[in-house]
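Hi everyone, thanks for making time this morning. Have a look at the screen, and I'll walk you through what's there.

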Amino acid sequence: MRDEVKKTGSLAMEKSFSFALRIIKLYQHLSNKKKEFVLSKQILRSGTSIGANLEESRGAQSSSDFQAKISIAYKEARETSYWLRLLYASKYLTERQFNSLHTDCEELIRILSATQLTMKTKIEKGK
């Protein structure tokens, strides 16, 4: 049943959902085991916001509205990348943890960047 929850038919949606679950587990690890509360809240907020904005984009009222939500998701992914790098540099994450999470985050950034470019082209053609 739990696997059914994340199946949406959209690669970006599914990847962002899986990534958000990993970020939640990271938050739990950082706050419970490492007793780190400030950075962990920041990454929890930005890392889960990616998928939330993609979900909102599904209900967009126009192409411009859709692009705006994708743009916000992209910015949240960039912010999450920053927090991951900071957590690694401050030794809250091992190299293995960082590489795994950061690779997934960079993949989301590439997908969202490509989606933004595609939408920009469609909007410009429609003018």
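Let's start with a pair of helices: α2 and α5 pack at an angle of about 150°, with their axes 10 Å apart. A word on terms: helices (H or I, at least four residues) and strands (E, at least two) are DSSP runs, numbered from the N terminus. The axes are lines fitted to C-alpha atoms, for helices over the stretch in contact, and the angles run from 0 to 180 degrees between N-to-C directions. So α2 and α5 are roughly antiparallel to each other. For that label, angles under 35 degrees count as roughly parallel, over 145 as roughly antiparallel, 65 to 115 as roughly perpendicular and the rest as oblique. α2 also passes α5 in a left-handed crossing. Left-handed here means that the near helix is turned anticlockwise from the far one by less than a right angle, while clockwise would be right-handed.

Before I go on, please keep in mind that this is a predicted model: local features need pLDDT of at least 70, side-chain atom pairs count only at pLDDT 80 or more, and totals for chains, interfaces and linings use all residues. Residues are numbered from 1 along each chain as its sequence is written, and side-chain values use heavy atoms, with hydrogens and water left out.

Okay, the whole chain. What does its secondary structure come to? Five helices and zero strands, so to speak α-α-α-α-α from the N terminus on. The C-alpha atoms fill a box of roughly 50 × 35 × 20 Å, taken along the principal axes. Of the 127 residues, 35% count as buried; that means under 20% relative accessible area, with exposed being over 50% and partly exposed in between (1.4 Å probe, protein chains only).

Back to α2. This helix has 22 residues and reaches 32 Å from its first C-alpha to its last, close to the 32 Å expected at 1.5 Å a residue. The expected span is 1.5 Å times one less than the number of residues. Among the buried residues of α2 are Met-13, Phe-19, Ile-23, Leu-26 and Tyr-27. Seen down the axis of α2, the buried residues fall within an arc of 135°, so they line one face of the helix. The arc is that of the directions from the helix axis to the C-beta atoms. On the other side of α2, Leu-11, Lys-25 and Asn-32 are exposed.

Two more pairs. The axes of α3 and α4 come within 8 Å and cross at roughly 155°, which makes α3 roughly antiparallel to α4. By class, their contact has 13 nonpolar, seven polar and five charged residues. Ala, Val, Leu, Ile, Met, Phe, Trp, Tyr, Cys and Pro count as nonpolar, Asp, Glu, Lys and Arg as charged, and the others, Gly among them, as polar. Then α4 and α5: their axes come within 9 Å and cross at roughly 160°, and this crossing is left-handed. Their contact has 14 nonpolar, 10 polar and five charged residues.

Last stop, the loops. Where is Lys-35? In the loop between α2 (11-32) and α3 (38-57). Lys-35 has a positive phi of about 55° although it is not a glycine, and at 56% relative accessibility it counts as exposed. Lys-91, in the loop between α4 (63-89) and α5 (95-126), has a positive phi near 70° and is exposed too, with a relative accessible area of 69%.
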